[in-house]
Amino acid sequence: MYTCLQDTRKLYLPEDLNGHKMLKVFVQRFNIAFGYPRKDTCSDCDTFNVKLASQETDEHGRIRTEKELHLTKANIFYERKSNARRDAQACPTIAAISFDFWKNLSCPNISTSEVYCRRQLSQYTFNVHSLEDNNAILYAYDETTGKKGADDVTSMLRHYVNNFVPQEVTCLEAFCDSCAGQIKNWTMLRFLHSLVHVEKRFGDVKLSFSIKGHSYMECDREMVCINQKTRVEVPEQWLQLFETSRSNPSLFQVIHMKEFLSITNNLKPLYRATCPIQTRPLRKPYSPFPNHMRCRTIENRGMVDFKVLPSQRGESRHQDQVLFCSFILSNWGYQLQSSRISKSLKRFCTPEAQQYYNNLASLEETEGSPDVSDEDDA
């Protein structure tokens with residue numbers, strides 16, 4: 001016995017309906033979008049949520065207040081970035097950028113199960129995103145060339161300023177996370193001050209640090225353009241993939257870094273040897289004065305000034321600025337020991353890729369160059 005269609009509770013859609021039409025209905029009529037579960041969430045927010053779910057009732061009010069204050073501080077970073085984007089779009093003398101390292105990519109990036117327990121070569125990518133036009137410059141290099149320290153970051157920022165920031169720009173606003181080893185350090189602060197008062201490149205440079213766990217920026221969204229499951233055997237293939245991974249609003253422009261500047265050593269004769277304040281609480285440093293820098297702290301209790309020049313420095317030494325401008329290319333690139341790349345992985349690669357790994361020198365790594373963590377406020 002067959003059941004008539006009019007007697008069933010099942011609904012039937014028109015045969016000409018497809019996924020594209022259904023997506024338009026979801027987006028245009030109901031304003032519904034599809035998202036993914038959040039990852040890399042803020043540890044402080046997760047702690048507050050756990051406490052709110054488990055603490056006694058009389059503690060909930062205090063915990064909610066602390067959470068609201070934490071979120072308010074985090075939102076200040078995004079408000080500053082939005083205002084900087086509008087100012088840069090409206091005024092040609094203002095530039096606004098955000099920058100961050102992408103996730104480390106591995107070479108060889110193959111599907112063989114042995115890659116999970118074997119040593120691979122890391123590919124580093126530093127993204128500098130222009131907020132006014134959404135153009136992205138990718139500085140790419142592998143771990144045989146450099147690491148992810150202060151000298152690496154400031155070298156790439158210096159290259160970006162010299163080659164991609166128009167000369168008519170007098171004010172630069174930059175936004176980044178709070179990774180101490182990479183960005184929030186004395187080398188970065190001295191570098192920003194030197195751009196204004198030593199090289200006279202800008203009239204003002206402002207750097208805003210995000211609250212830990214709330215550093216979601218355009219750089220993170222652009223990482224999604226990269227198909228991380230693509231088979232890649234040597235670092236050059238990652239660079240080729242970057243160049244074709246995005247078309248709107250423009251292609252990624254890839255800069256292959258081959259050497260870095262010893263900016264820390266070049267700054268030592270001009271500035272104090274150690275930072276006069278703690279860098280961890282910093283949120284927005286900038287350099288309005290030749291001898292001082294001004295900043296806001298994480299508590300946002302007004303402005304704090306601190307001296308950056310050594311006390312014994314006179315006017316005659318201040319004129320000796322050419323030392324800084326004539327950067328010396330340091331032999332900072334180091335060679336990776338070939339033994340660290342597992343020989344068992346080479347047999348899954350093409351003969352060209354095998355030759356690449358065989359050519360890696362077996363020299364010892366440069367001493368005093370520890371790995372730098374990506375963790376904010378490390």
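Visitor: Why is Asn-134 called partly exposed?

Guide: This is a predicted model, and every value is computed from it. Asn-134 has 33% relative accessibility. Buried needs under 20% and exposed needs over 50%. The value of 33% lies in between, so Asn-134 counts as partly exposed. Asn-134 sits in the loop between β3 and β4 (136-142).

Visitor: Which peptide bonds are called cis, and what are their omega values?

Guide: One joins Cys-107 and Pro-108, with omega about -5°. Pro-108 belongs to the loop between β2 (105-107) and β3. Another cis bond runs from Asn-248 to Pro-249, where omega is near 5°. Pro-249 belongs to the loop between α7 (235-243) and β7 (253-256).

Visitor: What makes strand β1 mostly covered?

Guide: Strand β1 spans residues 94-101, and eight of its eight residues are buried. Each of those falls under 20% relative accessible area, because that is what buried means.

Visitor: How do you know that both faces of β1 are covered?

Guide: In a regular strand, side chains alternate between the two faces of the sheet. Take one side of β1: Ile-94, Ala-96, Ser-98 and Asp-100 are buried.

Visitor: Why are β1 and β5 said to pair?

Guide: Pairing needs at least two bridges. β1 and β5 (residues 171-176) have five, in the parallel sense, so they pair. Ile-97 stands opposite Ala-174 in β5, and Ala-95 stands opposite Leu-172.

Visitor: What is the partner of Ile-97 in β3?

Guide: Its bridge partner there is Ser-130. β1 and β3 (residues 121-130) pair in the antiparallel sense over five bridges.

Visitor: How does β5 pair with β6?

Guide: In the parallel sense, over six bridges; β6 covers residues 204-209.

Visitor: Are the residues of β5 buried or exposed?

Guide: Six of its six residues are buried. Cys-171, Glu-173 and Phe-175 are on one side, and Leu-172, Ala-174 and Cys-176 are on the other. Both faces of β5 are therefore covered, with each residue under the 20% cut-off.

Visitor: Which residues have the most contacts inside the largest nonpolar core?

Guide: They are Phe-99, Phe-126, Tyr-139 and Leu-207, in a core of 47 residues. Helix α5 (residues 186-197) gives the most to this core, with seven residues. Apart from it lies another core of 18 residues, among them Met-223, Val-232, Leu-241 and Phe-252.

Visitor: What does Tyr-139 touch?

Guide: Leaving out residues up to four places away in sequence, its contacts include Tyr-124, Phe-126, Met-156, His-159, Phe-164 and Met-257. A touch here needs heavy atoms within 4.5 Å.

Visitor: What lines the second largest pocket?

Guide: The lining has 15 residues, and the closest to the pocket centre are Asn-109, Ile-110, Tyr-116, Gln-228 and Lys-229. The lining divides into five nonpolar, seven polar and three charged residues. The space in this pocket is about 340 Å³.

Visitor: How much of the whole chain is buried?

Guide: Of its 378 residues, 45% count as buried. The chain has twelve helices and ten strands. Among contacts with a separation of 6 or more, 75% join residues 24 or more positions apart.

Methods:
Residues numbered from 1 in each chain as written. Predicted model: local features only at pLDDT ≥ 70, side-chain atom pairs only at ≥ 80, totals over all residues. Heavy atoms only, no water. Buried < 20%, exposed > 50% of the residue type's maximum accessible area, 1.4 Å probe, protein only. Helix = DSSP H or I, 4+ residues; strand = E, 2+ residues; numbered from the N terminus. Core = buried A, V, L, I, M, F, W, Y, C linked by side-chain atoms within 4.5 Å. 1 Å grid on protein atoms, 1.4 Å probe; cavity = no way out; pocket = protein on both sides within 12 Å on 5 of 7 lines; lining within 4 Å. Points joined across faces, edges and corners; volume = space filled by probe spheres on them. Nonpolar A, V, L, I, M, F, W, Y, C, P; charged D, E, K, R; others polar.
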